[in-house]
Each structure stands twice: as C-alpha cells, then as structure tokens.
Amino acid sequence: MAIKPYKGKFKMKSVPKVVSTVFNINGLVYPDGSGAYQPADSTSGSHLGTAAKAVASTDSDYATAGALLAVHVAEDDTCEWLADVGTGTLTTAMIGLYRDLKDDNEIDVNATAKNVVFIKGFKSATQAIIQLSSQTNRFIATT
C-alpha cells in the first residue's frame with residue numbers, strides 16, 4: 001500500500017526523523033513538534049509528503065538522533081498524489097470531498113473526523129487521486 005507522487009512537480013527534502021521508528025516507503029510523514037518527522041496515522045494533521053525510502057529497525061541509523069529522511073514534497077498546490085484506499089470503497093461521488101487517513105500508507109474514505117486528504121479524482125474503487133490538506137491551505141492539528 002502507498003501514497004505516491006502522481007502528477008506535478010515534486011522535490012526531495014531531507015528532514016530529521018524520529019529515532020527508533022519504522023518508516024514505510026511512500027508513507028506520509030508529519031512534524032511531531034520536536035523538530036523531527038514521524039509516520040502519519042489516522043490522527044495526524046498537516047503532512048509534509050511521503051518517505052522516499054523505508055527505514056527498518058535493522059538500519060544503521062534507526063536509533064540515531066538527527067538522522068535524516070528523504071521525503072517527496074509537492075512543489076506547489078497543483079501536485080497530485082495517488083493513494084491506496086485502505087478502508088471503504090471510493091466512488092466518483094467522493095470527488096471534491098475531504099477524507100481521513102487509515103494510516104501512513106492508505107486513506108479511509110468512510111471517515112471524516114480529520115479531513116486531511118482532498119479527493120481530487122477517481123482512479124479505481126481502491127485508488128484515489130488526492131491532494132494533501134496542507135496543499136489546499138487547510139492546516140489541521142494532530143490529535
């Protein structure tokens with residue numbers, strides 16, 4: 001499962017990652033308030049982008065404070081992401097609506113508590129074309 005850059009211009013940005021945390025490739029990340037970034041979840045708010053590589057517990061920098069993580073970041077608010085649907089079934093009626101994340105790699109099209117992804121288009125019942133809420137100037141607090 002993944003949330004991947006789909007259309008538009010993306011850049012790579014290196015950000016400090018939280019220590020002793022597994023990151024999935026193409027998983028969304030967000031700032032945790034300590035100056036580091038961590039994997040998104042169903043309660044995270046505004047997101048920076050997606051991890052360009054996985055981080056496993058066996059990696060040499062897994063527990064290293066200040067280690068950097070490469071992240072795909074949208075260059076502007078026209079960029080689109082291709083997101084796998086983890087919960088629910090995407091329909092064309094959902095285009096133009098905000099929905100939640102299931103976890104860092106999937107969206108939940110049945111949930112609207114956080115509204116952190118904007119459904120921009122329909123690829124299939126299991127894949128949505130999205131924009132992150134931060135791209136649409138909706139900055140949402142993590143709870």
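A residue is called buried when its relative accessible area is under 20%, exposed when over 50%, and partly exposed in between, as computed with a 1.4 Å probe on protein chains only. On that scale alanine 56, at 31% relative accessibility, counts as partly exposed. Alanine 56 lies in the loop between β5 and β6 (68–74), where strands are DSSP runs of E with at least two residues, numbered from the N terminus. From alanine 56 to lysine 120 the separation is 64 residues in sequence and 32 Å in space, C-alpha to C-alpha.

This is a predicted model, in which local features need pLDDT of at least 70 and side-chain atom pairs count only at pLDDT 80 or more, while totals for chains, interfaces and linings use all residues. Residues are numbered from 1 along each chain as its sequence is written, and side-chain values use heavy atoms, with hydrogens and water left out.

**The sheet**

Five strands form an open antiparallel sheet in the order β2-β6-β5-β3-β4, two strands being taken to pair if DSSP finds at least two bridges between them. Its edge strands, β2 (10–16) and β4 (37–39), each pair on one side only. Direction ignored, neighbouring strands of this sheet are turned by 45° against each other on average, with axes taken as lines fitted to C-alpha atoms and angles running from 0 to 180 degrees between N-to-C directions. Within the sheet, β3 (residues 28–31) and β5 (residues 49–51) pair in the antiparallel sense over two bridges, and leucine 28 has threonine 50 as its bridge partner in β5.

**The nonpolar cores**

A nonpolar core is a set of buried Ala, Val, Leu, Ile, Met, Phe, Trp, Tyr and Cys residues joined through side-chain atoms within 4.5 Å.

| Core | Size | Residues named |
|---|---|---|
| Largest core | 21 residues | Most contacts inside it: Ile3, Leu90, Leu101, Ile107, Val117 and Ile130 |

Leaving aside neighbours within four places in sequence, isoleucine 3 is in contact with residues including Leu28, Thr50, Trp81, Leu101 and Ile130, contact meaning heavy atoms within 4.5 Å.

**Asparagine 115**

Asparagine 115 sits in the loop between β9 (106–108) and β10 (117–124) and is buried, with a relative accessible area of 18%. Its side chain reaches the backbone oxygen of threonine 112 at 3.3 Å. Beyond four places in sequence, asparagine 115 is in contact with Tyr98, Arg99, Asp100, Ser133, Arg138 and Ile140.

Terms used: Helix = DSSP H or I, 4+ residues; strand = E, 2+ residues; numbered from the N terminus. Polar contact = N/O pair within 3.5 Å; in protein donor to acceptor, adjacent residues only side chain to side chain.
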